[in-house]
Structures are given as C-alpha cells and as structure tokens.
Amino acid sequence: MAVSEKWVSLCSLVLLVLFVGAMAREQPDVSASKNVETQKLQSSNDSSMAVTRLEEVGALNEQHVVADPDNVASMVEMSIKNSTERRNLGFFSCSTGNPIDDCWRCDPRWHFNRKRLADCGIGFGRNAIGGRDGRFYIVTDSGDDDPVNPRPGTLRHAVIQDEPLWIVFKQDMAIQLKQELIMNSFKTIDGRGVNVHIANGGCITIQFVTNVIIHGLHIHDCKPTGNAMVRSSPSHYGWRTMADGDAVSIFGSSHVWVDHNSLSNCADGLVDAVMGSTAITISNNYFTHHNEVMLLGHSDSYVRDKQMQVTIAYNHFGEGLIQRMPRCRHGYFHVVNNDYTHWEMYAIGGSGNPTINSQGNRYLAPTNPFAKEVTKRVETSESQWKSWNWRSEGDLMLNGAYFTASGAGASASYARASSLGAKSSSMVASITAGAGALPCRRDRQC
C-alpha cells in the first residue's frame with residue numbers, strides 16, 4: 001500500500017528531530033505514530049455455499065509475485081525487543097522481506113484491522129478469504145462437551161455455521177476436542193492476541209469446503225478420534241469413522257491458507273492435503289517434534305490429485321523432525337524460502353511423478369553421513385523417477401546437504417509449480433524469524 005504524502009512529511013519531520021537532537025548531544029523521546037489506513041473490504045455475492053463438487057476447482061497456473069509494501073514510517077519507528085528467542089524480529093520488524101508479514105504486522109492497530117490479513121495471502125492459496133465478508137464471532141467457552149449439539153460460544157459452534165465468520169478468542173484457551181473439528185466454508189480461525197492451544201484430542205478437519213484460513217494457533221498432541229456422531233453444519237450431523245489424528249487435515253477442499261501456526265507431536269500428519277484438494281498455501285508455520293510432517297496427495301493410484309497445487313513458503317522445519325517436509329504425489333508443489341534445520345531421514349520426498357520446484361530454501365543437513373540427501377523418491381526405481389521434474393534453484397546447501405534433481409525441466413511443468421517470486425536464500429533467516437504462532441499484543445506491532 002503506498003504511503004500518503006502526509007506520512008512521508010511526518011517521517012521526514014521525525015528524522016529531522018532526531019538529527020537535531022543528536023547534534024545537541026541530547027536523548028529525545030521520539031516515537032512515530034503509524035496508523036496504517038486499510039482499504040474497505042468488498043462484500044461477496046456468494047459467501048455461504050460450501051463447495052462439494054471437486055470438478056469445479058480451477059487450476060491456478062499463472063505465476064504470482066507479491067511485492068514488498070512501501071512503508072516509509074516503518075523506517076522511523078523501530079521495534080526493540082529484549083527477547084533472544086528465534087522469533088524475535090529485532091529492529092525494523094516491518095522490513096523482514098516476508099511479504100505476508102510486511103503486509104499487516106507493521107500496523108500497531110492490527111487488532112482493529114484483523115480482516116486485512118485476508119488480503120495478504122500469497123501462493124496458490126492466495127485467494128482464500130476465509131470469513132472476511134462475515135461478522136466476528138468471539139469464542140468465550142473452551143469446552144467441547146457435545147460434538148452434535150455444541151454450545152454457542154464454543155469453537156465448534158463457530159466453525160459449523162453456514163455464514164462467513166471471522167472467529168477470534170476472548171482470552172487464552174486450551175481446547176481439548178472430543179472429536180475432530182469439522183469446518184464449514186468461509187471461516188477464519190484467528191488466534192492473534194491470545195494464546196490458544198488445540199491439543200490432546202481431535203484437531204482440525206477441512207473436508208469438501210472452500211475458503212478457510214487457520215492462523216495463529218498452537219496445535220499439538222492430536223489423537224485419533226471417531227466412531228461417533230459429529231455435527232458439520234447447523235442442519236447436518238453424521239457418523240464419523242476413525243480420524244487419523246492430523247493437526248490439520250485437508251480433504252477434497254480448495255482455497256485453504258494455513259499460516260503462522262506452531263504444530264508438533266500428532267498421531268499422524270501435521271498438515272495433510274488429499275483427495276483432490278488444491279489452491280493451498282502453507283506458510284510461516286513452525287514444525288517440531290514429529291515423524292511424518294506433511295503428506296500432499298492421497299495415493300499413487302489416486303490420479304485426481306494431479307490437479308493439486310500447493311505453496312510451502314517461509315516455514316521453519318525445526319527440531320525433532322524425521323521426514324515428509326513434504327511428501328508429494330502427482331501434483332505441483334512450490335517449496336520456497338523455507339528454513340530446514342532438522343531432519344533425520346530426508347526433507348522432501350514423493351512418488352507418482354509430482355513436480356517439485358524448490359527455490360531459495362536453506363537446507364542444513366544432519367550430522368548423520370547417510371542422511372545428507374534432501375530428496376527421496378519413495379519406492380520408485382531410478383528408471384521411473386529420472387523423468388520426474390524436480391529442481392533446486394538458488395537453494396543454500398549446508399553441512400553436506402545435496403538435492404538430487406531430475407527431469408528435463410519442462411517450462412510448462414514448472415510454470416504450474418510456480419506461485420510467487422522467490423527471495424534469495426541469504427534472506428531465509430529474517431524471512432522465517434517469526435515462524436509459528438506470534439506473541440501478538442494489542443496496541444503494539446505484532
């Protein structure tokens with residue numbers, strides 16, 4: 001968003017004051033107010049219908065480049081934090097090079113402009129608007145006593161509604177779900193400003209719906225649930241067989257954005273997308289302490305996943321991870337500007353002839369001399385996989401890491417696996433410094 005002349009003049013004046021103060025050997029108390037004007041959000045003509053026909057999911061083939069916003073004021077006011085944690089952004093927190101964060105985190109009044117987040121998406125899931133065009137729903141009750149008839153004020157009651165909703169939380173909460181949380185279309189779960197954990201029970205299921213944003217949650221220790229009745233909308237509930245215990249399960253859905261969550265230690269995957277799902281972005285998440293991190297594609301025989309397009313950007317794959325970051329089948333996968341600091345078996349794998357476009361990532365291999373390879377073709381002979389289009393472009397390989405490329409590099413194939421402009425791998429540390437659920441507080445930059 002361009003900065004108005006008014007703000008440019010204000011910033012110039014502040015810089016002048018700083019200069020004069022320095023000349024006078026004084027220490028003035030200067031703070032620059034940064035009230036960022038947000039655009040009015042347009043209403044949607046059709047925001048309540050769940051998409052259940054997978055044939056209508058359109059392929060997103062064009063490359064999408066998101067430029068950094070021009071924010072002069074951010075060069076004046078510096079966010080100084082004493083924390084030494086990895087997520088500490090330090091100085092100039094609005095100039096991380098992360099286009100998602102630089103889109104909304106500069107605003108100290110972000111909590112009054114929450115829905116701006118929906119306009120900050122990138123990659124194949126960039127058109128996911130979630131509950132942008134609906135009202136706010138405040139979760140006041142952490143309970144989940146009845147998955148068929150959830151109480152108003154609970155997270156389950158919020159996510160099953162037919163109309164668009166932007167769901168926020170009144171206070172810190174630890175939510176233990178009796179059964180999987182079945183989302184309805186056009187919903188945003190926004191955990192910013194509070195500390196919300198979904199743990200030690202069922203977790204999130206996005207099945208046969210569209211336009212869902214999951215942001216700012218701690219999701220961990222998810223358990224298999226099922227063989228029970230569970231409500232999925234105000235007018236429908238049904239029998240659910242056993243769920244695997246994924247943190248976030250995306251099944252036959254489109255336009256999904258999973259951003260700035262901390263995920264770990266679940267019974268199955270941390271984020272799985274299967275059965276014709278597409279138009280997905282998985283960004284800014286912090287993954288730790290898990291075996292099979294991410295599965296994208298149902299099976300080698302399920303060719304409907306050939307339409308799948310997933311962007312995996314700006315995530316930190318951290319301590320205690322073993323494999324599948326991600327494991328891909330059939331579709332088109334853009335793996336861009338992620339920080340891989342831990343794996344025990346491999347980082348990126350696949351079968352069923354997926355196209356994998358790895359750009360600008362940082363791969364730090366483990367000390368194990370037999371686990372230096374970033375890539376793994378799963379249960380496939382070289383005679384088959386040598387024609388698959390897997391490429392590494394601008395990746396930083398550390399501690400002996402290496403990427404085994406393959407394929408002829410057909411431009412049309414990589415065009416379908418390109419969703420944004422990659423930054424230099426030298427910027428990965430700053431781009432991913434805020435990965436995971438953020439410790440946002442009101443009236444200050446997040």
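Me: What makes a run of residues a strand in this predicted model?
Reply: A strand is a DSSP run of E covering at least two residues, and strands are numbered from the N terminus. Trp-239 lies in one of these, strand β11, which spans residues 236-240. In total, the protein chain holds 6 helices and 31 strands.

Me: Why is Trp-239 called exposed?
Reply: The relative accessible area of Trp-239 is 52%. Exposed requires over 50%, and Trp-239 therefore counts as exposed.

Me: Which residues make the nonpolar surface patch that includes Trp-239?
Reply: Met-229, Tyr-237 and Trp-239 make this patch, with an area of about 350 Å². For the protein chain as a whole, the accessible surface is about 18700 Å², and carbon and sulfur atoms account for 50% of that surface.

Me: Why is Asn-337 called buried?
Reply: Asn-337 has a relative accessibility of 0%. The cut-off for buried is under 20%, so Asn-337 counts as buried. Asn-337 is found in the loop between β24 (332-336) and β25 (339-340). Of the 446 residues in the protein chain, 58% are likewise counted as buried.

Me: What makes the approach of the Asn-337 side chain to the backbone nitrogen of Lys-423 a polar contact?
Reply: The side chain of Asn-337 reaches that nitrogen at 2.8 Å. A polar contact calls for a pair of N or O atoms within 3.5 Å, so the distance meets the limit.

Me: Which residues does Asn-337 touch, beyond those up to four places away in sequence?
Reply: Among them are Tyr-314, Gln-359, Asn-361, Lys-423, Val-428 and Thr-432. Across the protein chain, 67% of the contacts with a separation of 6 or more join residues 24 or more positions apart.

How values were computed
Residues numbered from 1 in each chain as written. Predicted model: local features only at pLDDT ≥ 70, side-chain atom pairs only at ≥ 80, totals over all residues. Heavy atoms only, no water. Patch = residues over 30% accessible without salt bridge, like charges linked within 9 Å, V, L, I, M, F, W, Y side chains within 5 Å. Areas by Shrake-Rupley, 256 points an atom, 1.4 Å probe, with all protein chains shown as cover. Salt bridge = Lys/Arg side-chain N within 4 Å of Asp/Glu carboxyl O. Helix = DSSP H or I, 4+ residues; strand = E, 2+ residues; numbered from the N terminus. Buried < 20%, exposed > 50% of the residue type's maximum accessible area, 1.4 Å probe, protein only. Contact = heavy atoms within 4.5 Å. Polar contact = N/O pair within 3.5 Å; in protein donor to acceptor, adjacent residues only side chain to side chain.
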